[in-house]
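Have the sequence and the model open as you read.

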Amino acid sequence: MKIIKNIPNLLTLGNLFCGTVAAIFAVEEDFINASIFVLIGILFDFFDGFAARLLKVTGELGKQLDSLADMVTSGVVPGIIMLKLIQNNLLKDFNDIDKSIFDVSLIGLILTLAACYRLAKFNLDTRQTNSFIGLPTPAMCLFIISLPLIQEYSDIEFAVNLTYNNYFLIAITWVLTYLMNAELPLFSLKFKDYSLKNNWITYLFLAFSLVLILLLNYLSIPIIITFYVFLSIIKNLTPKV
């Protein structure tokens, strides 16, 4: 019985393991494997909550473990990846310069700090049961891990060039930092029922996301997350009837 009750915690530790491995790959600039382990970690993060609800073993320990694991997978890893992207762009643009200029790449770690602050607030915020206040850290993480994949695999030159532009990367860092901790209600993908009337925005989002994934591959990820925020703002402005 104790083993069954600890299944959600074991899944959470699986998330932490994947995040730790992803961080190692990110430091080594193996962004493909880092992304793979982040995705597996996010799957563990989804299923630990599902298992806890199914087994009815939710508790404070699981809640704290979940945030600690998310801090690594969806906090530390994207910060390292952003740091490396900015640093690599500097290396590409400047070959013979004082190494102190690379201190600017530490800006990428602001994502890690912002994720930590958000996760701490999330544990204390009782409002985020059926929706989110601010961008969830996994969404931010998916946005960031898509950037090196766009560099490597996208055929759209404009998008690729943006990922090699440090002004763009630094701007993205600040925007995501703000969105994670903003008092901005964002709709949840959980279904209370499956009626079109009560879930039209979720169905629209899922349909749009599927089309984008089929058309744009990795480039679809930041567009989907941007659309998610945009749709949430639209929903907030729509009068309730």
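## Ground rules

This is a predicted model, so to speak: local features need pLDDT of at least 70, side-chain atom pairs count only at pLDDT 80 or more, and totals for chains, interfaces and linings use all residues. Residues are numbered from 1 along each chain as its sequence is written, and side-chain values use heavy atoms, with hydrogens and water left out.

## Helix 3

Helices here are DSSP runs of H or I with at least four residues, numbered from the N terminus. Helix 3 takes in residues 31–55, 25 residues in total, and reaches 36 Å from first C-alpha to last. That's close to the expected 36 Å, taken as 1.5 Å times one less than the number of residues.

Its buried residues (under 20% relative accessible area, 1.4 Å probe, protein chains only) include Val38, Gly41, Asp45 and Asp48.

## Thr73

Thr73 sits in helix 4, residues 60–93. Thr73 is buried, at 0% relative accessible area. Leaving aside residues up to four places away in sequence, Thr73 touches Asn15, Gly19, Val38, Gly41, Pro78 and Cys141; contact means heavy atoms within 4.5 Å.

## Helices 6 and 8

Helix 6 (residues 137–153) and helix 8 (residues 166–181) pack at about 170°, axes 10 Å apart. That makes the two roughly antiparallel, a label for angles over 145 degrees. On the helix 6 side, Phe143 and Leu147 are among the residues that meet helix 8.

How values were computed. Axes are lines fitted to C-alpha atoms, for helices over the stretch in contact, and angles run from 0 to 180 degrees between N-to-C directions. Angles under 35 degrees count as roughly parallel, over 145 as roughly antiparallel, 65 to 115 as roughly perpendicular and the rest as oblique. Buried means under 20% relative accessible area, exposed over 50%, partly exposed in between (1.4 Å probe, protein chains only).
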